[in-house]
Amino acid sequence: IKETKMSWASFIPSDWALSKLKFIGSPSIGVTYSPEDITEQGSGIPVLRANNIHKGSINLNDLVYVDVEISENQKLKLNDILICSRSGSRDLIGKNAIVSSNIVGMTFGAFNTVFRSKINDYVYWVLQSPIFKYQSGQFLTSTINQLTISTLKNMVIPLPSRKEQIEIIAFLRKEERNFLETSQKIESSIKLLSEYRTALITAAVTGQINVKSYGKSGAVDCHLDRLQDEGRA
């Protein structure tokens, strides 16, 4: 390992490098439009805004369509990283997501920035990490909620070999799937327990179960039996 002198990581593997984002790729500022430029769906180009970035992915809810001139740099390309660079809420600055094929050709608003590079599949994961949050936080204040192009360009990230980048990407994608599956199971259990609580209260207050013997002699309510069985599964 070798010392980095970076506050966010004291050491990295000896064969890794540190690089500013400006040496890896380039950022682009989003399109500016006025209320008069907003048009109906089908007659303009859809604009992605900060509210379309959610938990590392892009949703297409509440899209705005505009009829304005848009440069090539402002048309989204596959694997672009869309970053919220301005917001009324400091906590939203820096949230980001990678552009998939169904979003290519859309544009993005001026409160967002796009970062392009040949290794965005790796850079995306760095931007999801505390490394990015820590460095962007250094330039935010109680009165200025903005991640400038200059700040983004000068952010430093760890840079392993391409082979190791691919290994890291594969590992994180697998772990993310595991987290999502576990989260879904937990959410399902919470819903089931809530249903069981409601059914139990109803059964108790309507006399469908004997509260003195319930749990000893077994439930007499089929719905409660089902919920209990599902909860044990």
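This is a predicted model: local features need pLDDT of at least 70, side-chain atom pairs count only at pLDDT 80 or more; totals for chains, interfaces and linings use all residues.
Residues are numbered from 1 along each chain as its sequence is written, and side-chain values use heavy atoms, with hydrogens and water left out.

**Helix pair**
- Helix α1 (residues 120–127) and helix α4 (residues 162–205) have axes that come within 9 Å and cross at roughly 55 degrees.
- α1 and α4 are therefore oblique to each other.
- From α1, D121, Y122 and W125 meet R162, Q165, I168, I169, L172, R173 and E176 of α4 (contact means heavy atoms within 4.5 Å).
- The residues of this contact divide into 5 nonpolar, 1 polar and 4 charged.

**Largest pocket**
- A pocket is an open set of points on a 1 Å grid over the protein atoms alone, where a 1.4 Å probe fits, with protein on both sides within 12 Å along at least five of seven lines; lining residues have an atom within 4 Å of a point.
- Of the 13 residues lining the largest pocket, G56, I98, Y124, W125 and E176 lie nearest its centre.
- α1 gives the largest share of this lining, 4 residues.
- The lining of the largest pocket holds 4 nonpolar, 5 polar and 4 charged residues.

**Second largest pocket**
- Residues lining the second largest pocket include I53, K55, G56, L127 and F132.
- By class, this lining has 3 nonpolar, 5 polar and 3 charged residues.

Technical notes
Axes are lines fitted to C-alpha atoms, for helices over the stretch in contact, and angles run from 0 to 180 degrees between N-to-C directions. Helices (H or I, at least four residues) and strands (E, at least two) are DSSP runs, numbered from the N terminus. Angles under 35 degrees count as roughly parallel, over 145 as roughly antiparallel, 65 to 115 as roughly perpendicular and the rest as oblique. Ala, Val, Leu, Ile, Met, Phe, Trp, Tyr, Cys and Pro count as nonpolar, Asp, Glu, Lys and Arg as charged, and the others, Gly among them, as polar.
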